[in-house]
Amino acid sequence: MPRQPSLPLSSSVLARRATRAVLLCASLLLATNAAAQGKKVYISVDMEGISGVNGDDQTGPGGAEYGRARKLMAEDANAAIRGAFEGGATDVLVNDSHGGQRNLLPEDLDPRARLISHSFKRYGMMEGLDDTFDAVIFVGYHAKADAPRGVFAHTGSGVVRDLQVNGRSVGEGGMNAALAAWFGVPVVSVSGDDVAVEEVKASVPAIRTVAVKRAINGRAVELRPLVDARRDIQAAARDGVKAATKTKPERVPAYQVRMQFRNYFIPEVADAFEEMTLVAPDTVQFSRPTMPEAYRLIRVLYRFINTN
Ligand SMILES: [Zn+2]
């Protein structure tokens with residue numbers, strides 16, 4: 001049987017097919033670009049909850065074991081960075097979040113990560129975070145001020161007895177998680193002592209937790225083998241980043257902050273600002289319309305007021 005001669009195609013059909021082909025190419029290109037761009041991951045690294053860290057001669061410059069501890073800090077950070085890249089990150093920003101915030105040495109850090117250094121920052125432990133990130137990871141975190149069993153427990157600095165945001169008492173983890181939520185970026189994993197990670201989980205129930213040590217009391221700890229702790233930090237970062245999906249920003253019309261101090265000096269100075277209310281000799285209260293603004297002022301109060 002002779003083959004049917006194919007009918008000539010009308011120009012409108014040809015035009016439709018061409019348009020479809022162009023659209024298909026464009027969507028393939030977009031998909032490829034999205035995969036190539038990968039995820040953008042933010043890692044905030046504190047020191048007290050780092051694997052192996054167990055004494056205050058380790059946590060500040062001048063301490064006999066400070067040099068050792070900053071290497072340990074870099075190792076936990078590197079475990080998180082490795083995990084983030086395994087989980088699909090193509091851009092990782094590390095923020096040194098401890099004390100003077102110049103603990104991590106760039107030469108010790110995984111060369112794929114960028115590093116923010118120095119504590120003269122508006123947003124401290126969360127400097128550089130914005131809504132372009134896909135996931136946040138906390139490394140080396142500790143429990144909040146006055147937690148009866150957390151190792152090196154404090155909030156922000158030694159001067160704070162309690163910090164409340166919208167009626168909830170929070171530590172650094174809770175405060176930082178509230179800022180991440182404001183930007184709609186999920187906090188996917190946290191490492192630190194067992195008290196610290198449970199505390200952060202109370203603020204972020206879906207978070208992956210890695211207890212790298214067990215707090216026996218405010219000073220004594222049971223340290224897990226370093227290799228196990230780092231393996232778990234890496235795995236939690238990998239799985240957390242892989243599963244991370246951006247959320248709708250969590251915002252409320254006002255952020256009410258109440259800060260109780262261990263001295264009367266800071267409230268005495270803070271009372272000079274019109275928006276501060278002295279609700280007790282050791283406690284101030286203020287309100288800000290956004291979490292970044294509240295965060296910035298909390299930081300001013302615990303870090304940048306000189307009472308000498
Ligand atoms: Zn801290």
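How many bridges pair strand β11 (residues 277-280) with β12? Three, in the antiparallel sense.

## Basis

This is a predicted model: local features need pLDDT of at least 70, side-chain atom pairs count only at pLDDT 80 or more, and totals for chains, interfaces and linings use all residues. Residues are numbered from 1 along each chain as its sequence is written, and side-chain values use heavy atoms, without hydrogens and water.

## Sheet

An open antiparallel sheet has five strands, ordered β6-β5-β10-β12-β11. Its edge strands, β6 (168-169) and β11, each pair on one side only. Strands are DSSP E runs of at least two residues, helices H or I runs of at least four, numbered from the N terminus. Pairing takes at least two DSSP bridges.

β11 and β12 make a hairpin with two residues between them. There, T277 has Q285 of β12 as bridge partner. Six bridges link β10 (residues 255-261) with β12 (residues 283-288). V257 faces F286 in β12.

## Second largest pocket

Helix α7 (residues 291-303) gives the largest share, three residues.

Domain 1 (38-160 + 171-243) and domain 2 (255-303) both contribute to this lining, so the second largest pocket lies between them. The domain bounds come from an automatic or database assignment.
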